[in-house]
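These are my notebook entries on a structure that I looked up. I record the entries by topic.

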Amino acid sequence: IPTFVLKTDRKIDLSSMLMLRRIVQEQRVDIVCSHGFKADVYNAAVSKLLGLKTVGFVRGDTAENFKGALYSRIDRYAIRTFDKVIAVSDSQKAKALKYGVSPGRIDVVRNAIDIPDIQASAAREQGDVDTVADIVANDTYIVAVGRLSPEKGHRVLVEAMPYVLRHCPEIKLLIVGDGQEVGPLSENIRALALDGRVVLAGFSKQPAYYIRRAAVLVNPSFSEGLPNVVLEARALRTPIVATDVGGVSEVMTDGRGGLLVPPNDPEKMAHAIVRLLQDSTMRTDITEEGYGEFQTRFDADAQTDALLSVY
């Protein structure tokens, strides 16, 4: 696949827009697809000028900082101009409609996963975070995987851990990922005397390895599009505790794949985690509930066919 890099000095760079214009003209591009606020702005500015078709993807919003929130707001205006908007879940379609996108321009094409490939990868991998190798090999642990950003809700999960440990004192929590919340989360862990019980593992290129071997995957987000980490956990038959936000309930319902809890509620999150940890039969049964339907609905080939239809 021919690849071109747009080098930018600023968030919105006129020279990069000119470079994009030159690339799409030289490559005789017909459709420009974009993911994310900066790409969407570039797409709207350049493609409309050249009379090209435009497609934008609507995923979950980010609130890593004020700039991220501001650009997300700007993005809402850019996608209104697109010929097609692809929402990764029904909840994201509702959000796009709220932003003013015409209903006839929106298609729902859910995130998908190559289930046999992720299963094979998880079984084949050896793990790439040496500092947690002993925990993975010898301890029962729960895992959270994702960017350490405020909207991902890791703070709530840390606050749930004292209750979890009172009922399951042998358990450990691995938080796999990196981001701006490393410092605040480290302070929370120290303040709650959770050192050694809650471990910030850092970034991993092999998250499926840690998900497959976990007793439970926890997704504590305040907002989501349709989270890949929940798809991966379902594919790997790892029971899930997840907040009922965005498209999560399109991947799993309460009792089918895992347990759903309200966002920003450490007590209910802790109760759900303990329920699964204390009942091994439930953990097994809950991952099998609706698994066949999950395989069909989130098949990668079906996603490809749906995208080709839009294009």
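I looked up the lining of the second largest pocket by class and found eleven nonpolar, five polar and one charged residues. Here Ala, Val, Leu, Ile, Met, Phe, Trp, Tyr, Cys and Pro count as nonpolar, Asp, Glu, Lys and Arg as charged, and the others, Gly among them, as polar. The model is predicted: local features need pLDDT of at least 70, side-chain atom pairs count only at pLDDT 80 or more, and totals for chains, interfaces and linings use all residues. Residues are numbered from 1 along each chain as its sequence is written, and side-chain values use heavy atoms, with hydrogens and water left out.

I noted 17 lining residues for this second largest pocket, with F4, L6, L20, V32 and C33 nearest its centre. The pocket holds about 430 Å³ of space. At least two lining residues each come from α1 (14-26), β1 (31-35) and α2 (37-50); β1 gives the most, with five. Helices (H or I, at least four residues) and strands (E, at least two) are DSSP runs, numbered from the N terminus. On a 1 Å grid over the protein atoms alone, a pocket is an open set of points with protein on both sides within 12 Å along at least five of seven lines, while a cavity is a set where a 1.4 Å probe fits but cannot get out; lining residues have an atom within 4 Å of a point. Points are joined across faces, edges and corners, and a volume is the space filled by probe spheres set on them.

My search of the whole structure gave one cavity of 30 Å³ or more. I read a volume of about 40 Å³ for the largest cavity. Its lining residues include K152, H154 and P220, and β5 (141-145) and β8 (216-219) are the elements that give two or more residues to this lining.

I traced an open sheet of four strands in the order β1-β2-β3-β4, with parallel pairing. β1 and β4 (106-108) are its edge strands, each pairing on one side only. Two strands pair if DSSP finds at least two bridges between them. For β2 (residues 53-58) and β3 (residues 84-87) I found four bridges in the parallel sense, and F57 stands opposite I86 in β3.

I recorded 15 helices and eleven strands in the protein. The C-alpha trace spans about 60 × 40 × 35 Å along its principal axes.
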